[in-house]
Number of protein chains: 2
Amino acid sequence: MKAGFVRGKQRFFCKDCTYYFTLPNPKERSERRGRHQTTIIDIAQDLGVSNSTVSRALHNHPDINPNTRKAILDKAIELDYQPNQLAHSLVKSRTNTIGIVVPEFLTQFFPNVIVGAQRVLRQADYNLMIMQSGESYETEVANTKALLANRVDGLLVSMSHETNNYDHFLSFEKRDIPVVYFNRVIEGLGTHKVVANDYRGAFAAVEHLILNGYRRIAHLGGPPNLLISQERLRGYQEALRKYGHPLLPELVIHGDFTAQKALIYGQHLLDMAQPPDAIFAVNDPTAIEVLALAKAKGIRIPEELGVVGFSDDPIAVHIGKGLTTVKQPTTQIGEAAAKLILGLLRGEQANLSPQTIVLEAELVVRGSSIKAAG
Amino acid sequence: MKAGFVRGKQRFFCKDCTYYFTLPNPKERSERRGRHQTTIIDIAQDLGVSNSTVSRALHNHPDINPNTRKAILDKAIELDYQPNQLAHSLVKSRTNTIGIVVPEFLTQFFPNVIVGAQRVLRQADYNLMIMQSGESYETEVANTKALLANRVDGLLVSMSHETNNYDHFLSFEKRDIPVVYFNRVIEGLGTHKVVANDYRGAFAAVEHLILNGYRRIAHLGGPPNLLISQERLRGYQEALRKYGHPLLPELVIHGDFTAQKALIYGQHLLDMAQPPDAIFAVNDPTAIEVLALAKAKGIRIPEELGVVGFSDDPIAVHIGKGLTTVKQPTTQIGEAAAKLILGLLRGEQANLSPQTIVLEAELVVRGSSIKAAG
DNA sequence: TTGTAAGCGTTATCAA
DNA sequence: TTGATAACGCTTACAA
């Protein structure tokens with residue numbers, strides 16, 4: 001048996017088993033105070049019990065002496081102990097955290113979804129880690145990487161309009177981390193989704209315009225790769241078809257949700273030789289741009305131009321005589337997505353096929369679409 | 001030397017040193033595959049190097065053979081290795097994460113602040129963990145606890161209007177975790193703050209009303225404990241004083257930022273025997289309630305009632321003839337708060353006295369406050 | 001240039 | 001009922 005010193009500790013070598021080891025030194029730890037968060041071990045040492053006993057007390061494990069428990073809990077309060085979630089997550093390989101990636105924060109839609117999701121998750125003792133991509137694919141990838149590195153247990157996603165490659169999402173599924181897409185989803189990706197009934201909402205909006213006497217109805221749409229855009233377009237088309245209106249390709253333009261594009265394409269529509277007498281916009285910001293344009297051009301709303309938006313942004317009720325729009329169940333989308341992912345984490349839908357939850361949308365009629373004499 | 005088996009592993013006892021130990025078994029780990037994220041050790045084993053070598057390669061440490069490094073980086077990609085931030089944070093006692101607690105998400109103000117903060121933090125390779133209290137003290141406490149458990153390196157806070165007890169924030173400072181308060185701060189708490197110049201903004205707003213011929217100017221204020229409310233009130237008072245207007249206590253009412261209270265108090269003001277001819281509201285939502293009330297009562301804006309808000313919410317430009325309001329530098333507040341906290345983490349202001357950063361606010365004049373003939 | 005092993009703060013499995 | 005210790009995945013001081 002040889003012996004030596006390593007970092008101030010005596011080190012031994014067992015010849016028979018060719019193994020080095022040092023003697024544990026119980027004094028050592030207690031020196032290591034100052035600028036350090038109190039741990040389970042600090043409590044244990046102060047009380048002369050073992051750390052496992054402390055751990056049991058803090059999680060009221062059945063096998064523990066009530067007196068011991070009380071002493072430990074008191075000491076924990078005295079030392080202002082706060083559990084270290086990092087260590088906990090590391091050993092459990094579970095962080096109790098769900099990540100959410102949204103394209104933006106600046107309309108009311110996503111904040112509302114987040115509020116709904118947070119409510120459900122907090123109840124189940126999960127945290128929500130919120131990331132915002134600013135409609136940038138690059139940032140979205142960086143966000144998902146960060147969430148992966150932080151080992152979130154699940155992911156809620158609404159994609160940026162730039163996103164055309166989905167590898168960064170698929171790498172969650174590869175690791176068996178459940179993913180639920182909401183609102184901005186794409187077709188084909190065989191996964192769990194929560195969406196509003198965009199088709200029915202759009203259909204109702206356009207039907208309403210038709211029944212109010214508008215004849216030449218245009219559609220300012222969203223990015224064509226998103227299901228949301230496809231469904232709203234389909235609703236528009238089906239409504240026209242039902243009432244025998246022609247589908248005129250020149251009256252459909254795809255934007256990208258930005259005000260800038262809305263302005264350019266809206267201008268284009270209003271400047272046509274034969275301009276539309278109504279516009280169904282893919283969302284409220286787009287519709288609001290159209291209203292502003294009309295005002296600037298002296299086009300009267302709703303007599304000369306009917307306008308309908310989508311989302312029921314709080315602005316909608318205040319603008320002009322009110323903007324007719326399709327109201328989406330925002331918080332409910334968040335709640336549904338959260339519930340779905342909690343179910344997946346419990347392994348409920350383990351070998352079920354991907355689920356799509358569709359929540360109904362509702363037309364809210366205001367001043368921008370009611371011709372005085374239909 | 002005794003020997004025995006523990007959990008399938010041979011266990012030895014060294015009599016001389018009274019120490020138990022087991023022989024490390026290098027084979028064992030490689031069996032443990034399936035549903036597990038690839039780790040540094042998986043890479044090490046595949047390549048027959050040690051985990052420290054892998055760690056060095058991944059952080060391009062200088063002392064490493066370029067060939068070894070290349071092999072390791074290639075293998076990391078092949079195995080789709082993603083670092084485990086939890087383990088990393090645990091050993092470094094640093095999470096590279098800043099927490100932010102905001103009272104709400106549903107006006108544009110806080111989302112904008114968050115966007116600004118996130119931009120600065122991401123550049124410094126920090127993550128932002130966003131929490132929202134919904135103006136509830138309880139939730140705010142729960143949020144800060146969660147952030148503490150997650151060992152954020154710093155905290156950005158804007159308080160809920162319910163908050164009157166600050167222990168949950170102080171427990172960060174007790175642990176030497178820097179805290180920066182922004183926007184909704186309280187006086188006295190001797191800490192770092194970032195605020196807009198509420199005083200100057202309010203002064204400019206009320207001065208503008210006076211110069212436009214309004215004589216009896218009321219103020220619908222915010223919760224009196226918040227500095228933001230105090231400063232806006234002070235600006236209101238100083239402007240009146242400067243122009244020799246009397247300070248009438250009956251024309252000042254403190255609300256709590258909710259639309260409900262705004263409605264009740266607005267109603268009260270307009271129903272007075274001698275009602276005000278102008279109202280300076282503590283924020284835009286309050287001002288918008290007043291405008292709606294006036295409309296319902298048939299009071300003409302701005303002839304019979306001048307209205308000024310605060311925040312320049314995007315709604316403000318669209319509502320009626322436009323709402324005059326004080327524009328705050330939202331993203332800049334976020335950026336400034338983030339920069340300040342990064343500085344604190346670098347230990348720059350270590351023994352400097354708490355810093356208060358004041359960013360200028362700007363009056364934006366619109367239709368709600370310009371009398372035709374002053 | 002590479003390997004060994006301690007340590008970060010927990011939980012959990014055995015032994016006692 | 002309690003204690004000892006391995007394990008979670010990583011960094012790093014020191015040894016080789």
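In chain A, A:V101 stands opposite A:V157 in β6(A). The model is predicted, so that local features need pLDDT of at least 70 and side-chain atom pairs count only at pLDDT 80 or more, while totals for chains, interfaces and linings use all residues. Residues are numbered from 1 along each chain as its sequence is written, chains are lettered from A in the order in which they are written, and side-chain values use heavy atoms, with hydrogens and water left out.

**Strand β6 and its partners**
- Strand β4 (residues 97-102) of chain A runs parallel to β6(A) and is joined to it by four bridges; two strands pair if DSSP finds at least two bridges between them.
- On β6 (residues 154-157) of chain A, A:G154 and A:L156 point one way and A:L155 and A:V157 the other way, and all are buried (under 20% relative accessible area, 1.4 Å probe, protein chains only).
- Strand β7 (residues 179-182) of chain A pairs with β6(A) in the parallel sense over three bridges, and A:L155 stands opposite A:V179 in β7(A).

**The residue B:D277**
- B:D277 lies in the loop between α11 (259-270) and β11 (278-281) of chain B, where helices (H or I, at least four residues) and strands (E, at least two) are DSSP runs, numbered from the N terminus.
- Although B:D277 is buried, it has no salt bridge, and B:K371, the nearest side chain of opposite charge, is 4.2 Å away; a salt bridge needs a side-chain nitrogen of Lys or Arg within 4 Å of a carboxyl oxygen of Asp or Glu.
- The side chain of B:D277 does reach the backbone nitrogen of B:R215, at 2.8 Å.

Note on methods:
Buried < 20%, exposed > 50% of the residue type's maximum accessible area, 1.4 Å probe, protein only. Lys, Arg positive; Asp, Glu negative; His and termini not counted. Polar contact = N/O pair within 3.5 Å; in protein donor to acceptor, adjacent residues only side chain to side chain.
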